[in-house]
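Work through the exercises below with the coordinates open. Each task is followed by a stepwise solution.

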Amino acid sequence: MCIMDLFLISQKAFEYGSKSLRKLGLTGDEDSDVGSKLDESSSKFGQEDGEDDVVPKSFPVCDDRHSELIPCLDRNLIYQMRLKLDLSLMEHYKRHCPLPERRYNCLIPPPAGYKVPIKWPKSRDEVWKANIPHTHLAHEKSDQNWMVVKGEKIVFPGGGTHFHYGADKYIASLANMLNFSNNNLNNEGKLRTVLDVGCGVASFGAYLLSSDIIAMSLAPNDVHQNQIQFALERGIPAYLGVLGTKRLPYPSRSFELAHCSRCRIDWLQRDGILLLELDRLLRPGGYFAYSSPEAYAQDEEDLRIWREMSALVERMCWRIAVKSKQTVIWQKPLTNDCYMERAPGTQPPLCRSDDDPDATWGVPMEACITTYSDHDHKSRGSGLAPWPARLTAAPPRLADFGYTKDKFEKDTEVWQQRVESYWNLLSPKIASDTLRNVMDMKANLGSFAAALKSKDVWVMNVVPEDGPNTLKLIYDRGLMGSIHNWCEAYSTYPRTYDLLHASTVFSDIEKKGCSAEDLLIEMDRILRPTGFILIRDKPSVIEFVKKYLTALHWDAVSTEEDGDKLVFVIQKKIWLTSESLRDTE
């Protein structure tokens, strides 16, 4: 095993505590009366002369049982808060974030025997068992070829509940059903973005990548709780989320295809509200591929579900594009014509005219049909160029923000230059396969991700919940992303990203009055050991972060000026607790 800067940490922490403990890295409750002063000093960038500026020499380390902690999806927290949740609505799988005084004050340790992840593309097919020491899925799904334990590794043969003999053959069969040329599901670049609901270990999304299709593999932290963790360890785009009561964090008309293969979702519940959420997310003419027993109706219950589901989607103006054996593929209409021709009182109703279909952060789902704007209705489709041309073509929805084509092209050009500069700074430390999972923490128009097209990486483009909702432009470019508020923890497992890019994110946090220190701890949580952080921000932010490098076990790599901003490159060291070290090679 090749380990960079491996060292041992034996200090352990309380699970959560006061702000003063977080500032000093203490593990008791002495000196708790100094919290308010430290709060102030650690949240502001650029201290006045004479002001105290206390930073910890070290952060405590969480107990080893927290090595997979997701703070806003923590079941222990739900139990402790005694929340009254409706399990039938999947509310226990929603985000429930701790209050500031209950946030974890410690660094998340890697599991025993942790190794630097296997590199892409080899990681598609195998990962280190020590990194995700959960083999129950291998036993539970042994007849379905989800995953197999082989010595120190977990191997992914490419199977799934519905496609035991391989996702590649299943994907080709879907393309064949739709009469796409060469049995290629990308349909000559017209089908680019996919939502895979109840994705398992994301083999469907993994095998789509070779067809220039990118899938958002979505699953909750349920009884198969590590499925998304396996997906991300493999280097496959994935997100922890649930079809429950709140909208998914994606704008309307984001996906050409939604897919559900034995995803165990009751699509008929609450007047079809979950199907209507898929309808919101599908582009004009988009498809929903449904592989499930109901599609071939073997018994009376399956027949009942099929009849009711067929009636529902017909009222939603979906049509059956094709049905074969165990799979049905429905297609959403291109225009509003069918909606306007429905009889008065037909359910589900059309959404209110003042409903914003792109508002998602904390917005409840509604059992209604999202219609198209007059422009989209007349266009009879999304108006997007095929991939890869759509990556650099000005998206049609650019006009929603008052942005011009010139502004878009200038943004693309500027970020191309910045990314080239970034790679010059990183080049002494990275090889062509060093990076795979990348996050842009403030993506704006997605031009950072667009500039990485030649790299063998994928980018999770995060758009702030309180800024211009440009995420729909990012999807229109054929890229992936989600809405998020960086005052809270992100919905992902620890150690899932190789590179975090934070352009003016800390300045935004300062304006919101949130804790920059909490953000640093969160970035450390989601960054893989030996991973990198690129911070582009004002000089006072960079100086603030530099004070925490030792406490976070980060190394400064380089600093460069970028106009009135500084670019600061950081690398996370690999460290182990005494327990982790015991089984490490």
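**Exercise 1.** Determine how helices H8 and H9 are oriented to each other in this predicted model.

Solution. 
1. Two packed helices are described by the angle between their axes and the distance between the axes.
2. For H8 (residues 269-281) and H9 (residues 300-315), the angle is about 60 degrees and the axes lie 11 Å apart.
3. Angles of 65 to 115 degrees count as roughly perpendicular and those under 35 degrees as roughly parallel; H8 and H9 are therefore oblique to each other.
4. The crossing of H8 past H9 is right-handed.
5. On the H8 side, Asp-271, Gly-272 and Leu-275 make the contact, and on the H9 side Met-309, Leu-312 and Val-313.

**Exercise 2.** Find which residues of helix H5 are buried, and how they are arranged about its axis.

Solution. 
1. Helix H5 spans residues 167-177, and its buried residues are Ala-167, Tyr-170, Ile-171, Leu-174, Ala-175 and Met-177.
2. Viewed down the H5 axis, these buried residues fall within an arc of 160 degrees, so they line one face of the helix.
3. Their packing partners are helix H6 (203-208) and strands E8 (255-261), E9 (282-291), E10 (319-324) and E11 (327-331).
4. Just after H5, Asn-179 has a positive phi of about 60 degrees.

Key: Residues are numbered from 1 along each chain as its sequence is written. This is a predicted model: local features need pLDDT of at least 70, side-chain atom pairs count only at pLDDT 80 or more; totals for chains, interfaces and linings use all residues. Side-chain values use heavy atoms; hydrogens and water are left out. Buried means under 20% relative accessible area, exposed over 50%, partly exposed in between (1.4 Å probe, protein chains only). Helices (H or I, at least four residues) and strands (E, at least two) are DSSP runs, numbered from the N terminus. The arc is that of the directions from the helix axis to the C-beta atoms. Contact means heavy atoms within 4.5 Å. Axes are lines fitted to C-alpha atoms, for helices over the stretch in contact, and angles run from 0 to 180 degrees between N-to-C directions. Angles under 35 degrees count as roughly parallel, over 145 as roughly antiparallel, 65 to 115 as roughly perpendicular and the rest as oblique. A crossing is left-handed if the near helix is turned anticlockwise from the far one by less than a right angle, and right-handed if clockwise.
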